[in-house]
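Welcome! Have a look at the structure below, and then we will walk through a few of its features together.

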Amino acid sequence: MYLALLVIFLQFSELYTQDKVFTFNTVEIKVEPSVKVRNGAPMSIICHADISKSADFQLKYNFTIFKDHKLVFMTVSDTGDAQYEVPVAKSSDTGDYQCTVKADKKTRSSDPVHVWVTGMTKPTLTADKRDVLEGEVVKLRCELPEEDPPLQFCFRKIKTNSTPRETCVPESYTNFSVLEVSVEEGDNILQFDCFGRRNVKLEWEDSAHSNKTLVTVREPFIKPTLTTVPSSNNVTEGDQIQFECSTVVVEMRDIEIILQKNKSILNSVQDKKLLRYSTVATLEDSGEYLCKVEQGGASKTTKLNVVVSELFPKPTLVASMTKLDKNKELILNCSINGFQTANFSIIRKNANGDIPLKNSQTLKMRVNVNDTGSYTCKAEVKGIVKESKPVRINVYAPVSKPTLSVAGGLPEVVLGKPLQLICHSVMGTPPKTFRFYKGDDVEKIVINDTYATFLDENIRLNDQRGYRCDARNNHSSGVKTSDILNVTVIVPVRDASLGSVPYGEVEDGSEIAFLCSVKEGSLPILFRFFKKTDNEVLLFEKIEHRDRAMWHKETMKRQDTGTYYCVASNRANVDVRSQPITISVILAAWKKGVVAALVLITIAGAGALALWWFLRKKKKAKGPSMEMSGSALAANLTSEKLARQPNDGDYYSGSGYIEDSENHMKSTDESKDSMENRHSRISGHPDAT
């Protein structure tokens, strides 16, 4: 029975759960009266959830409203609506609003809606001082207490009959800003105000202007007075001119008077009302003078233009000659146009200081090379000294005969390589003009102090033209010419070849001759003979004043078998290597005979031993009856052999072998003479004879 009740309860629970099904259709947010609200007006943010249910049952709704992703309102409701009231809208309420609704385990959010509260509250402006002196600082504070940062504050400085000067300051974290304003000369009565500014959706919105704040300005001192004695338009060179600058001060504390000309300070005084400055007037003293009075941050200036009349013009220095030879006479004369009475002096300019030459209007001197330089003269009238423009004097020593040489040292050049020549003239005043000649043709002109170089890249084998150069400067002696330089053209070695006698094979103990030759190359030529091994062994070398060289090796041995080559070079320093040849050292003919004789003796000895063994075996077969007769036969054979020795034709003996060996050696010598005749032309060498 209990089991049946449990099943019935579960079925009713399942049916009840299936009846409580719901879903969110939409969640919307709206603003009343509109999304654009005037600053100070009321505003309502309404969130509505549209839900579909499977039956009529009650739900709890959790509403959350956000502004710019920050929580501003929360509530729980039995209906699908919630309302966030803002009684007085401010500019800080501007932003993006969004609503989120949660029911049971389901959540849904609305799309964001932008609300713009137009207009900003009026800022307030305060100043820390209402009565200031020129040069002092006023601290201003502009505040928007009902607005939220970031904000921008703009301060305005208002002067009578002038356009307000505006200064804006951004503030990212505060709703106020402080600005220090310096009070300048002429700021008698000042007014200040400010306004706020903010950026909404890339648009600037300004607040109303604040209250105006009045600041009274007092002068700490009056504008200075600047005068001259004599007057500024009646000054002549040599006059004593005196400047006076004065002012009236409210308080004699930290006051300074400064006299300037072209930003250069001429004189200054402190804690005084008057400045004096005097000097002897010159033309350079003409110009604008400035008197400046400073106290704290206050500053006032007065300007005065002074014109100084010329007492006499600058002197002129005239030279009899500006370019002249060594040991010639030079006359320098100093004069003033339209003015005769003056103290003259003639000076030579020097980097370490001027050198006075003579206190006179005229100077005569016989010049040397060391007298080259710049000269001026000075004239003095009534304490005014003026200097002429410099005159350049150049004194020339003649050039010496130039020498022409090759940069490498020796007067030679490798065919195909450039030739660099140096023309050098030791003596003579620079600059010098050098000319290079090849034959009678001018190849290059160079201006330098002591030497010049020329690069000839057109070198030909049979070019017989010599080189020369000349040098000259501004001396009247003219041109000096070098000796003719003949240059040897070195032709590099080309196509080396190697041959030998005999060629290919040579008998052990005999001699051999190697011939190395080249097709082309300037003499002398260095020939080197090598045997090709791991270390490339040099066997022989020789310098020849011809196109070939021979090397005789008297005795060849078996270890001399191998590959040979030669290398030829001359002063062009280019090694030319021949093709290699192979030489085999073979056994001599007489040595071959000795070997043959030894072989024959060995064979004969083996035959005799075999015969003796055969006879011995036969004797044992006949028995004792044959021993006596065998002994007698042996004695007879022995005596017969001794008796018949002079007769060579009957059997082979060692003497016969010796004779054959001698005949073999003779035939070998004959064949050797024959081979030398056949090799009278060196084999393997195309040019040998």
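Predicted model: local features only at pLDDT ≥ 70, side-chain atom pairs only at ≥ 80, totals over all residues.

Where does Leu609 sit? You will find Leu609 in helix α2 (residues 589–622). Helices (H or I, at least four residues) and strands (E, at least two) are DSSP runs, numbered from the N terminus. Leu609 is exposed, with a relative accessible area of 55%; buried means under 20%, exposed over 50%, and partly exposed in between (1.4 Å probe, protein chains only).

## How the numbers were made

Residues are numbered from 1 along each chain as its sequence is written. Local features need pLDDT of at least 70 and side-chain atom pairs count only at pLDDT 80 or more, while totals for chains, interfaces and linings use all residues; side-chain values use heavy atoms, with hydrogens and water left out.

## Salt bridges

How many salt bridges does a search of the whole structure find? The search finds 30, where a salt bridge is a side-chain nitrogen of Lys or Arg within 4 Å of a carboxyl oxygen of Asp or Glu. Glu387 and Lys349 form one of them (3.2 Å, N to O). This pair links distant parts of the chain, 38 residues apart: Glu387 is in strand β35 (residues 384–387), and Lys349 is in the loop between β31 (343–348) and β32 (355–358). Glu387 is partly exposed at 27% relative accessibility, and Lys349 is partly exposed at 30%.

Arg528 and Asp575 meet in another salt bridge (3.3 Å, N to O). Asp575 is exposed, at 51% relative accessibility. Elsewhere, salt bridges that share partners join Glu134, Glu219 and Lys300 into one network.

## The second largest pocket

The second largest pocket holds about 570 Å³ of space. On a 1 Å grid over the protein atoms alone, a pocket is an open set of points with protein on both sides within 12 Å along at least five of seven lines, and lining residues have an atom within 4 Å of a point. Grid points are joined across faces, edges and corners, and a volume is the space filled by probe spheres set on the points.

Of the 23 lining residues, Asp68, Thr94, Asp148, Pro149 and Pro150 lie nearest the centre of the pocket. Strand β16 (189–200) gives the largest share of the lining, four residues. Asp68 also meets Lys67 in a salt bridge (3.5 Å, N to O); Asp68 is partly exposed at 34%, whereas Lys67 is buried at 16%.

Most residues other than glycine have a negative phi, and most peptide bonds are trans. The bond from Pro149 to Pro150 is cis, with omega near 5 degrees, and Pro150 lies in the loop between β12 (137–143) and β13. Asn262 is not a glycine, yet has a positive phi of about 50 degrees.

Definitions and conventions
1 Å grid on protein atoms, 1.4 Å probe; cavity = no way out; pocket = protein on both sides within 12 Å on 5 of 7 lines; lining within 4 Å.
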